[in-house]
Amino acid sequence: MSRKYFGTDGIRGRVGDSPVTPDFMLKLGWATGKVFASGEGARPTVVIGKDTRVSGYMLESALQAGLVAAGANVKLLGPLPTPGIALLTRSQKADAGIVISASHNPYYDNGIKFFNGQGSKLSDELELQIEAMIDAPMETVDSEQLGKASRIADAAGRYIEYCKSTFPDELSLKGLKIVIDCAHGATYHIAPGVFEELGAEITLMGASPDGYNINDGVGSTEPAALQQRVLEEKADLGIAFDGDGDRLQMVNHAGELLTGDDVLYILAMHRLATGGSDAGVVGTLMTNMGLELALEQSGLRLARAKVGDRYVKELMVAEGWSLGGESSGHIICGNLSTTGDGVIAALQVLSAVVASGRGLQELTSGFTPLPQVLVNVRIRKGFDITAHQAISDACERVERELVGRGRLLLRPSGTEPVIRVMVEGDETVAIDTLANEVAEAIRQAA
């Protein structure tokens, strides 16, 4: 069934434009409460957390009112990273968790993501049930059935302690100088406590949120400032989180940026060296082919999921593996967290650094990314890429050229009318020429 409100990762948009409005969020809260109350008839409990956007106050209040009107109890966590909200959803034995965040988007955007009682993304079936209930008339339960709201005052402390518990007891971060960029987002009061309490000397940036500066020139999507700061401070490495803390980027001592593929490689090799490895790692369609080749050399397999951390997690479960992630920096350590967690992923990389006595540059030396080019082609609404023979012919010509040396991927954007043409290949392949050949075929047809 087609979705009216939910996208690939919840609901997101510009604040004040439908559906990110107070009246819609009131109805969304009510619909969520009704759906989770309909299971066993018991009063459901829903936790709500948010990032640091100024609009979070408004949306939190509207969701809370709707949930209470449906008879659900609400537990408010305040500003907390997305994975922390997933953790508290589980530890509070809640029926669902709600994240108010637009992740790496600017402050004037916001959105809603959901977790089930196990701290995983909602199933398609549950999302469709909520959508159907949104369109039903809103009726408030009788006063004796109204839910109650309470605040968990130590939510941040609970998450900090859990993160620290994922770092090996026998290791310490003493002697490491780290620059940490919190994107003026949800990790601003989490990351300093975690890394300092484990012994690191930290330099903090992007940790003064004012409701408007989230992701503004800082964070994992704007890493240039972190790269410069690492060089200025002569730090051992740098870590940048995004606005809601489920994504990270890392920088080595030379100011060079690591991708999510680099992080996956470090973690996979560390697990292999310490006897904790699975048979493979889950990436996505966008994961660099160089990682696949590097893993194969160590006897590991790369399985590719659709782009999106929910699809990575689904394939991890299907394969029975505990490590997966995206090139963008969503890393899921499935034995430690139910969703992408920037802080926990960083701690696992740091445990590899400390245990091996090697820096990030050396730990990534066995992985050489293949050159990759990405061309975005705007299309008209409703454009069907499969209905044009000229596009198919261009793709076939390019794929013949890439056999054994690279690959072609066409991916529609989930947020705008764009087809992304990605070509990667070894040094013998003219990837720019091949990508533009397919892109031009799409332009002519669109």
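A: A polar contact is a pair of N or O atoms within 3.5 Å; within protein, one must be able to donate a hydrogen and the other to accept it, and residues adjacent in sequence count only if both atoms are side-chain atoms. Here a polar atom of the side chain of Asn252 lies 2.9 Å from the backbone nitrogen of Ala254. The side chains of Asn252 and Glu256 are joined by a polar contact of 2.8 Å. This is a predicted model, in which local features need pLDDT of at least 70, side-chain atom pairs count only at pLDDT 80 or more, and totals for chains, interfaces and linings use all residues. Residues are numbered from 1 along each chain as its sequence is written, and side-chain values use heavy atoms, with hydrogens and water left out.

Q: Is Asn252 buried or exposed?

A: Buried means under 20% relative accessible area, exposed over 50%, and partly exposed in between (1.4 Å probe, protein chains only). Asn252 is buried, because its relative accessible area is 3%.

Q: Which strands form the open sheet, and in what order?

A: Strands are DSSP runs (E, at least two residues), numbered from the N terminus, and two of them pair if DSSP finds at least two bridges between them. The order is S16-S18-S17, with antiparallel pairing. Strands S16 (372-378) and S17 (406-412) stand at the edges with a single partner strand each, so one side of each has no neighbour in the sheet. S16 pairs with S18 (residues 418-425) over 7 bridges, and Asn376 stands opposite Arg420 in S18.

Terms used:
Helices (H or I, at least four residues) and strands (E, at least two) are DSSP runs, numbered from the N terminus.
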